[in-house]
Amino acid sequence: MSRRGANLPSIGEFNQSVVLDVIRMAPGGVSRVEIAAQTGLSSQTATNATRRLLAAGLIREGERTATGPGKPRTALHLVPEARSAIGIHLDPSFITYTVVDLAGAVVARAVTPTPRVLSPADVVDSMVGSVEALVAEAHIDRDRLLGIGIAAPGPLDLERGTVDNPPLLPGWDGVPLRDALGDALGMPVTLEKDVTAATIGELWSAGDPDRDDFAVLYIGTGVGLGIALDRSVRRGATSNLGDIGHLRVSHDGPLCACGNRGCLGENIAPARLVREAAEAGAIAPVSLDDHDAVAAAYAEACAAADDDARVRTIVDGIAGDIATAVVLVANLLDLADVVVSGAFWNHLAPVALTEIRRRVDASKAYVLPHPLRVGTSVVGADATAVGAGCQVLSAVFAPSSTPLLRPASA
Ligand SMILES: [Zn+2]
């Protein structure tokens, strides 16, 4: 497939992308000799690539060090502030806006509630206003701003750049989010499924160069799974990979829309924990249709788990369901890591991660000949929004770029 987005300040040559990738993944700096050794490029080719990256201002020379015989080596470092991108995470409950630098670090952020009853045009208007305000308030240099990445719940139609009636976003049918935002802001825009964006964020900014084969289990208002194999994010036939909501993890549990009980999505849904904690008398009941109230009650219930046996039982059940899903997915794909992220996970992790690991380690269903690491995303609470920004960086700079960028029509 040809690469769209030709008007982006593209890095152009493949070798430069490869070299930039090595420098980006070496926070302590890396010498030209080491780059040649790691990439397999000739030292002349590696030197030519670094010269162009230096001229573009994307990298800088650091200290000279003598590491043995031969002449001292000059360490090359990324210049994180050289470029930035905007990442937007559209969640059914909130919209997170971030500006990330070239290293994937957050330099500005804002969060707004997701509009409930507005028309698509009003939603786009409100998002444009939020982006403009963030860029202005954070004094972001527009000349260095590469574009906007949007992460949204599926199903998405990436050909048309639309959000097509996600289950948790009633009224969001055929919303042409990508083109409307691109036209209004005059910037290239990428659209990506939320879990895929979160996975790209892990690849771009996680800083663990040994994490090659992993899944990102996203626990937000909904649940999803992103997959990277051999450090390459997977998307599937229509880029909608990752709906893990109907994976059966138990024989009981709440009735799912699919007609079954024991589906992961229903079993670990925030509303379920809140409802059961309220029924047990551990927290005050709230309206389960009120996203904000559910989010607050969820945080309250999780915080009580260590001191309240009733909540502890509910949380342990959820931990068991997550562990079952983690083991099944790891077995299926031969994963070494499962990274958990998402707005609700930040509340659940402190009281559930240890139990999830214990159950994974004890699982008789786990068949792989290596230990499975289960941990929290190092990208942080805004992992999906950060990932959406990293998707733009990745499309411009990564050696295996994706053809998802829509050029600004301005
Ligand atoms: Zn189901």
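Let me start with what counts as a donor. For a metal such as the one here, a donor is an N, O or S atom within 2.8 Å of it; water is not among the atoms, so a site may look incomplete. Keep in mind that this is a predicted model.

Now the zinc site. Which residues coordinate the zinc ion? His246 does it through ND1, and Cys256, Cys258 and Cys263 each use SG. The distances run from 2.1 to 2.3 Å. The angles between the four donor atoms span 98 to 129°, so the arrangement is tetrahedral. The cut-off for that label is that all angles lie between 85 and 135 degrees. For reference, the ideal value for four tetrahedral donors is 109.5 degrees.

Along the sequence, the spacing of the donor residues reads H-x9-C-x1-C-x4-C. His246 and Cys256 are 10 residues apart, both in the loop between strand 14 (232-233) and helix 7 (264-267). Is His246 buried, exposed or partly exposed? Its relative accessibility is 46%, so His246 counts as partly exposed. Cys256 has a relative accessible area of 8%, so Cys256 is buried.

Strand 12 and strand 13 form a hairpin with three residues between them. They run antiparallel and are joined by six bridges. Strand 13 is mostly covered, with six of its seven residues buried.

Strand 13 also pairs with strand 14, again antiparallel, through two bridges. Leu229 has Ser232 of strand 14 as its bridge partner. This hairpin has two residues between the strands, and Asp230 takes a positive phi near 55° there.

Next, the packing. The largest nonpolar core holds 50 residues. Leu217, Leu273, Ile322, Leu348 and Ile356 touch the most other members. Elements supplying at least two residues each include strand 12 (214-219), strand 13 (223-229), helix 8 (270-279) and helix 11 (345-362). Helix 10 gives the most, with 12 residues.

Take Leu348 as an example. Beyond four places in sequence, Leu348 is in contact with Leu273, Tyr298, Cys302, Val315, Ile318, Ile322 and Leu353. Apart from that core lies another, of 40 residues, among them Ala26, Leu41, Ala85 and Leu102.

Now Ile88, in strand 4 (residues 84-90). Its relative accessible area is 0%, so Ile88 is buried. Its contacts beyond four places in sequence include Tyr97, Met127, Ile150, Leu181 and Ala388. Met127 is 39 residues away along the chain, yet the two C-alpha atoms are separated by 9.1 Å.

Leu156 has Val163 in strand 9 as its bridge partner.

Last, confidence. The protein chain averages a pLDDT of 88, and 92% of the residues score at least 70. Residues 1-10 fall below 50, with 22 contacts in the model beyond near neighbours in sequence. Residues 401-410 stay under 50 too, with 42 contacts beyond four places in sequence. Where pLDDT is low, predicted coordinates should not be read in detail.

Methods
Residues numbered from 1 in each chain as written. Predicted model: local features only at pLDDT ≥ 70, side-chain atom pairs only at ≥ 80, totals over all residues. Heavy atoms only, no water. Core = buried A, V, L, I, M, F, W, Y, C linked by side-chain atoms within 4.5 Å. Buried < 20%, exposed > 50% of the residue type's maximum accessible area, 1.4 Å probe, protein only. Helix = DSSP H or I, 4+ residues; strand = E, 2+ residues; numbered from the N terminus. Contact = heavy atoms within 4.5 Å. Donors = N, O, S within 2.8 Å, 3.2 Å for Na, K, Ca; no water. Tetrahedral: all angles 85-135°; square planar, octahedral: opposite > 155°, others 65-115°. Pairing = 2+ DSSP bridges. pLDDT = per-residue confidence, 0-100.
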